[in-house]
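Hi,

Here is the structure I promised to pass on. Have a look at it first, and my notes on what turned up follow below.

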Amino acid sequence: MTILIDQPDFGIEAGFNKADDVEKEGVLNGGFMMPHTNSFGHTFRDYHVESERQQGVENFYRTNHINQTYDFVKRMREEYGNLDKVEMSIWECCELLNDVVDESDPDLDEPQIEHLLQTAEAIRKDYPDEDWLHLTGLIHDLGKVLLHPSFGGLPQWAVVGDTYPVGCAFDKSIVHHKYFEENPDYHNPAYNTKYGVYSEGCGLNNVMMSWGHDDYMYLVAKENNTTLPSAALFIIRYHSFYALHRSGSYKQLMNGEDVENLKWLEVFNKYDLYSKSKVRIDVEKVKPYYLSLIEKYFPAKLRW
């Protein structure tokens, strides 16, 4: 079961106008300092700057864009939606990510557990009363365990990177869009129009997204009966959907609930993106707090 929550108060206290203003100064609502550059000294999400990771990132997106078809996503959802790979707790899953590095990310080369805690702690600082949002920060990337041998060791292109709808036209705002021309769906008239297999206002919950850690963790949370609010599930499933929350694309598919939940995703995204740094979190110090949240919102053991 999921519960609805009040939408954030976008007035003086936590308004998007305020967030937009302070973003220019490198500070978010409660004092989280946003760095101006990523771990490599470049601006965030710059996919064109020459760097030691750039060529690898572009090669990743070429493979991703060629292979993420409607039929592929359907097969992956059917296989992994059974949640019959592993049984473990949320924290055990966090620890399993210690050796995972996201090859699609131009901003970070640290193990994923570092990013999870950086995101959660940054949100906790600015939104101390929204414990569901703190936990969402911690778990939003747990689906990257798909890279682990216990889950079949999927290739990086089928786990990480920006996500986008399949079954309709690939919007030009998607990073490295040119490589979609090698995707068979790009030339399929059933899938290459504005709406494709969908209809206006159908709701994003009825849209198939490119397969990866976002959609997988959404399925894990939902099918294990989390009591997190719907905004949390929205964040988990669409936090890599940059074509929507950064470029405003695909809004024709959204329904009213999507519009409301997008407000929380836009809040979350600033912390997800800008908290990536070389600053280390004292895991043992914060662990008891997050274990209490896990107990509040999830069963002790989950099917994965």
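Before the notes, one cut-off: a residue is called buried here when its relative accessible area is under 20%. By that rule Y70 is buried, and Y191 is buried as well. Please keep in mind that this is a predicted model.

The whole structure holds 17 aromatic pairs. In one of them, Y70 and Y191 are stacked, with 4.9 Å from centre to centre and 25 degrees between the planes. This pair ties together distant parts of the chain: Y70 belongs to helix α3 (residues 70-80), while Y191 is in the loop between α6 (131-139) and α7, and the two are 121 residues apart.

Another pair is Y164 with F180. Their ring centres are 5.0 Å apart and the planes meet at 85 degrees, so this one counts as edge-to-face. Both Y164 and F180 are in the loop between α6 and α7, 16 residues apart. Y164 is buried, and F180 is too.

There is also an aromatic cluster made of Y80, F151, W211 and Y216.

Now to the annotated site. Which residues does UniProt list under "binding site"? The unreviewed entry gives H115, H140, D141, H213, H239 and D272. I looked at two of these histidines. H115 is in helix α5 (residues 112-126), and with a relative accessible area of 2% it is buried. H213 is in helix α7 (residues 213-223); its relative accessibility is 2%, so H213 counts as buried.

What does H213 touch, once residues up to four places away in sequence are left out? Its contacts are H140, D141, G143, K144, L146, V159, V160, H239 and S240. H140, D141 and H239 from that set are also among the positions in the UniProt feature.

On to the core. The largest nonpolar core has 87 residues, and the members that touch the most others are L138 and W304. Helix α8 (residues 230-238) gives the most to this core, with seven residues. Leaving aside residues up to four places away in sequence, L138 is in contact with W91, C94, L116, L117, A120, Y290 and I294.

C94 in that list brings me to the cysteines. How many disulfides are there? The count is zero. For C94, the nearest cysteine sulfur is that of C93, 6.3 Å away, and a disulfide would need the two sulfur atoms within 2.5 Å, so C94 is in none. C94 is buried, at 0% relative accessibility. C168 is in no disulfide either: the nearest cysteine sulfur belongs to C202 and is 8.7 Å away. C168 has a relative accessible area of 1%, so this residue is buried as well.

That's what I have for now.

Cheers

Conventions
Residues numbered from 1 in each chain as written. Predicted model: local features only at pLDDT ≥ 70, side-chain atom pairs only at ≥ 80, totals over all residues. Heavy atoms only, no water. UniProt positions renumbered as here; feature names shortened; annotations may be inferred. Helix = DSSP H or I, 4+ residues; strand = E, 2+ residues; numbered from the N terminus. Buried < 20%, exposed > 50% of the residue type's maximum accessible area, 1.4 Å probe, protein only. Contact = heavy atoms within 4.5 Å. Core = buried A, V, L, I, M, F, W, Y, C linked by side-chain atoms within 4.5 Å. Phe/Tyr/Trp six-rings, centres within 6.5 Å; stacked < 30°, edge-to-face > 60°.
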